[in-house]
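Good morning, colleagues. Please take a moment to look at the model on the screen, and then I shall go through selected parts of the fold.

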Amino acid sequence: TIDQEEVDKFGKLAQKWWDRSGEFGALHTMNNIRIPLVRDALAPGQSLFTKPLRGLKLLDVGCGGGILSEARANSSPLARLGASVTGLDASAENINIARLHAAHDSLVRENTDYICSPVEQLPESLWETYDAVVASEILEHVSDAQVFISSCCCLVKPGGSIFITSLNKTQASKFLAVFAAERILRIVPEGAHDWDKFVPIDVLQSLLRENGMTTQLLHGIKLNPFNLKWSWTSDVSMNYALHATKFHPES
């Protein structure tokens, strides 16, 4: 599912993953909503101080430099919530940066591992071994959405979850996410997005159903371009977050 041009493009930016005021600043601030999305779905009502995700195995597909797995936000990153987190990325440069960053934090290092590979090349021994797969801001960069989603779903345990944040394929996203965000506001690097690769929500939900997944939650997400703060919205024409669960034969 990898597009080598995409891998090379983000690999060249690998040194900038942890610059919170740089090209990936919006991804850092996105943690303030996407981490609670995962935490509250997997461990509703539990205190942060009890490490609510303890004992759970999570896979962060398209992890980049490890921002979602490791980064601090208003809430603790996934690794600090007790989960055993594996970050997966097709770029060796990104994985190297993530490993180096994790090495400086003992609490994160103990709960985090990184693998350089496309998701569809993970061995069958890992199928149905993860309590949750997170694919955040990666779907819009893959070359084959059908294979990508199928591969992600294979890795989820029966009864487990998949969390996806991405961009809807609409005229609004074509103008605001590609043209305005890259060329006018400069929120993301120019050329970061190819609108032709965006996946409409109805297509994504259909792919998930074909792989035994049922949508549990769908939220729109909006970004304030002036302070890079994200918030939930009912409008899914731009960014969105989706949570789906895998059919459990005993349920």
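This is a predicted model: local features need pLDDT of at least 70, side-chain atom pairs count only at pLDDT 80 or more; totals for chains, interfaces and linings use all residues.

I begin with helix α8, whose buried residues are Ile201, Leu204, Gln205, Leu207 and Leu208. Viewed down the axis of α8, these buried residues fall within an arc of 160 degrees, so they line one face of the helix; the arc is taken from the directions from the helix axis to the C-beta atoms. An α-helix has 3.6 residues a turn, so residues three or four places apart point the same way. On the other side of α8, Asp202, Arg209 and Glu210 are exposed. Buried here means under 20% relative accessible area and exposed over 50%, with partly exposed in between, for a 1.4 Å probe and protein chains only. Helices (H or I, at least four residues) and strands (E, at least two) are DSSP runs, numbered from the N terminus.

Residues are numbered from 1 along each chain as its sequence is written, and side-chain values use heavy atoms, with hydrogens and water left out.

What do the buried residues of α8 pack against? They pack against α6, β5, β6 and β8, where contact means heavy atoms within 4.5 Å. Just after α8, glycine 212 takes a positive phi of about 75 degrees.

Helix α6 spans residues 145-154, and its buried residues are Ala145, Phe148, Ile149, Ser151, Cys152 and Cys153. The packing partners of these residues include α8 (201-210), β1 (57-61) and β4 (130-136). At the start of α6, a side-chain oxygen of aspartate 144 comes to within 3.2 Å of the backbone nitrogen of glutamine 146.

Next, the aromatic rings. A search of the whole structure finds 1 aromatic pair. Tryptophan 17 and phenylalanine 24 form this pair, which is stacked, at 3.9 Å centre to centre and 10 degrees between the planes. Rings of Phe, Tyr and Trp (its six-membered ring) pair if their centres lie within 6.5 Å; planes under 30 degrees apart count as stacked, over 60 as edge-to-face and the rest as tilted. Tryptophan 17 is buried, with a relative accessible area of 7%, and phenylalanine 24 is buried at 4%.

Finally, the protein as a whole has 8 helices and 8 strands, and buried residues make up 53% of its 251 residues.

Notes:
A polar contact is a pair of N or O atoms within 3.5 Å; within protein, one must be able to donate a hydrogen and the other to accept it, and residues adjacent in sequence count only if both atoms are side-chain atoms.
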